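Here are my notes on the model you sent. Please read them with the structure open.

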There are 2 protein chains.
Amino acid sequence: MDDAITELITSYNELNSSSIIELDQEPSPLEFMRFVAKNTPFVVRGGAAGWKAIRDWSVAYLKETLANEQVNVAVTPFGNADAPTPHPDGSGSLVFAKPHEELQPFPKFLDYLIQQEHHPDTSPSEVRYAQTQNNNLPLEYPLLAPCVPASIPFAHIALSPTPSSSSTTSPTHALPDATNLWIGNSRSTTALHRDAYENIYVQIRGRKSFVLLPPACQPCVNEIGLWGATYRRSGSGGLELVLDGDEGDGDGEVPFAPVWDPDRPAERGTKWSGLGRAVRVMLGEGDMLYLPCLWYHKVSQACGEEGVCVAVNYWYDMDFGGPLYPFSNFVRAVGKANSKGG
Amino acid sequence: MDDAITELITSYNELNSSSIIELDQEPSPLEFMRFVAKNTPFVVRGGAAGWKAIRDWSVAYLKETLANEQVNVAVTPFGNADAPTPHPDGSGSLVFAKPHEELQPFPKFLDYLIQQEHHPDTSPSEVRYAQTQNNNLPLEYPLLAPCVPASIPFAHIALSPTPSSSSTTSPTHALPDATNLWIGNSRSTTALHRDAYENIYVQIRGRKSFVLLPPACQPCVNEIGLWGATYRRSGSGGLELVLDGDEGDGDGEVPFAPVWDPDRPAERGTKWSGLGRAVRVMLGEGDMLYLPCLWYHKVSQACGEEGVCVAVNYWYDMDFGGPLYPFSNFVRAVGKANSKGG
């Protein structure tokens, strides 16, 4: 069975490039659908260059526009929101650490990011990141939302539901399930994970570095069940990590978080980790990435000259019909059974 | 591991309909690409109704047009071309039986089909089928080829290769890799198999009944390595089945032919055969089927009132990039390893 998994990963590697496909203009809906069909990422260099957000979102503009707003901020000690993290009991086992969330006045939040980015040695170490991922752009930042399109036309045209019969061929288009705004600095990293969404990711300020692994590389990432834990403010104003189960809110287990880090490949891997070939892509301001559903991604970032990193992403529902979703689960089940045996 | 395979098949069944999707007009290239993306078949009722072949291909027309042509005919005793068949040694084991092929004058071939169809009791029993599957419509039947389109527009527009960079976005379109003509009667059946092609299948005369199984059902079909064998004329004019190895032309082994028959589900199955849910569709004259790459299909047929069954199919190259092909091979490898163990 080990051979079957090895053959899966190596044959995927042989049939697919590990270099990102670069386009210099947005694809048509049909061209986009060809990428969706083969579950293959691409980047459109400068695809969002004409957006108002690219032109206008200076620090001064953001602070002025949101001068009186309170925003939801994820707070962690190490920039490790939603990341496998050593258990607070010191045992060395891992938990899935969720951030402390609190409302902060937007200008104060932005000043904190910039101060920490420009003067790391003299700044507090806790890491703050606006990254609610709950359709926060229209809901929490309605004053910024008009600066970007409500949807990406090539994506919503292409991803409209396939009619189940010709009587329902009306041209309904798939609007995004969520449009998310991300504001942080270089201290925040998003740990390797995957989403059941077709994702269009657009960099507005700073740069973002993606490490991508396809669904066929599931056996590489060492997905295991972790107990959930959440940071909270301690009495002294610091942060302590508390297991979710200790608060009585459910059993705390998060199913299947990858604990392997493609940037530290020798640690916490499986016998197949060395076979995975990551696709690496750096997004600059105005670049647009298609991140296909069920691809693992790790994201780190660098700030623009003003000391912040800003991005917007659009999540469109993935199609659970067809073979991809059941096949992906099958690979996980086979890999899991063989990790135990091997 | 049995559980993983069971879960693969049952979750595929839960997420996908086992009823064929019916359209009453051809899809656009984008609509078609959505079906390709989810590897899901559909039928267009009357999609070819306007073709010259539908209007003109009477027996009289075909005999007149091809009055002086010799055509390649596949001859078998039971309509079992390319089918698992009991070994000629009487042991009961199976071989992969390939037809005897010979040139016959087209009018005589057609008369044979019709006579056998209308008077089965007083006709010879050997079964004849023009089904060369080597792009035979333009190559072997150039006089008939102009009666059908050289390609299906929605398919060749949609299936054009994805450019690997924006410098190659010229609108080159994928023409079919092969266009095949099939002429036979109700005695011929095509055994369950699959092709690494995107397939558009069009019924011209008579009806065809397809039993379709998706790639996720690979563990159901009992694909095993069979020895090849070929029918040849015996001294008495009958047919005898000769193992390929006995002729010295290679080792004769055909990799991975399914030996399970979805219409005889209790025989020659695996422990998973009962889980498979087939999609069944009947094509009438002028109907057009999209048969996605790597789907298993068994085909049987009934004649039109003139006593023949005629169809044309278009094979377009499948995309070996993306997850479908490696995942399909992976399922086969896991199923095979577990059939041995279980």
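**Notes on the model**

1. R268(A) is partly exposed, at 39% relative accessibility (buried means under 20% relative accessible area, exposed over 50%, partly exposed in between; 1.4 Å probe, protein chains only). R268(A) sits in the loop between β14 (253-258) and β15 (279-283) of chain A. Helices (H or I, at least four residues) and strands (E, at least two) are DSSP runs, numbered from the N terminus. Phi of R268(A) is near 55°, a positive value in a residue other than glycine.

2. On provenance: this is a predicted model, where local features need pLDDT of at least 70, side-chain atom pairs count only at pLDDT 80 or more, and totals for chains, interfaces and linings use all residues. Residues are numbered from 1 along each chain as its sequence is written, chains are lettered from A and ligands numbered from 1 in the order in which they are written, and side-chain values use heavy atoms, with hydrogens and water left out.

3. Now chain B. R268(B) has a positive phi of about 55° and is not a glycine. Its place is the loop between β14 (253-258) and β15 (279-283) of chain B. With a relative accessible area of 40%, R268(B) is partly exposed.

4. Back to the chain A loop between β14 and β15, which also holds S273(A). S273(A) is buried, at 4% relative accessibility. A polar atom of its side chain lies 2.6 Å from the backbone oxygen of C220(A). The backbone nitrogen of T270(A) is 2.8 Å from a polar atom of the S273(A) side chain. Leaving out residues up to four places away in sequence, S273(A) touches C220(A) and W260(A) (contact means heavy atoms within 4.5 Å).

5. Which residues touch the most other members of the largest nonpolar core? They are W57(A), I200(A), W57(B) and I200(B), in a core of 99 residues. Such a core is a set of buried Ala, Val, Leu, Ile, Met, Phe, Trp, Tyr and Cys residues joined through side-chain atoms within 4.5 Å. Another core, of 74 residues, lies apart from it; among its members are W272(B) and M318(B).

6. Chain B has an open sheet of three strands, ordered β6-β3-β7, with antiparallel pairing (two strands pair if DSSP finds at least two bridges between them). β6 (100-105) and β7 (127-129) each have a single partner strand, so one side of each is left without a neighbour in the sheet. Six bridges join β3 (residues 70-76) to β6(B). V71(B) has Q104(B) as its bridge partner in β6(B).

Key. A polar contact is a pair of N or O atoms within 3.5 Å; within protein, one must be able to donate a hydrogen and the other to accept it, and residues adjacent in sequence count only if both atoms are side-chain atoms.
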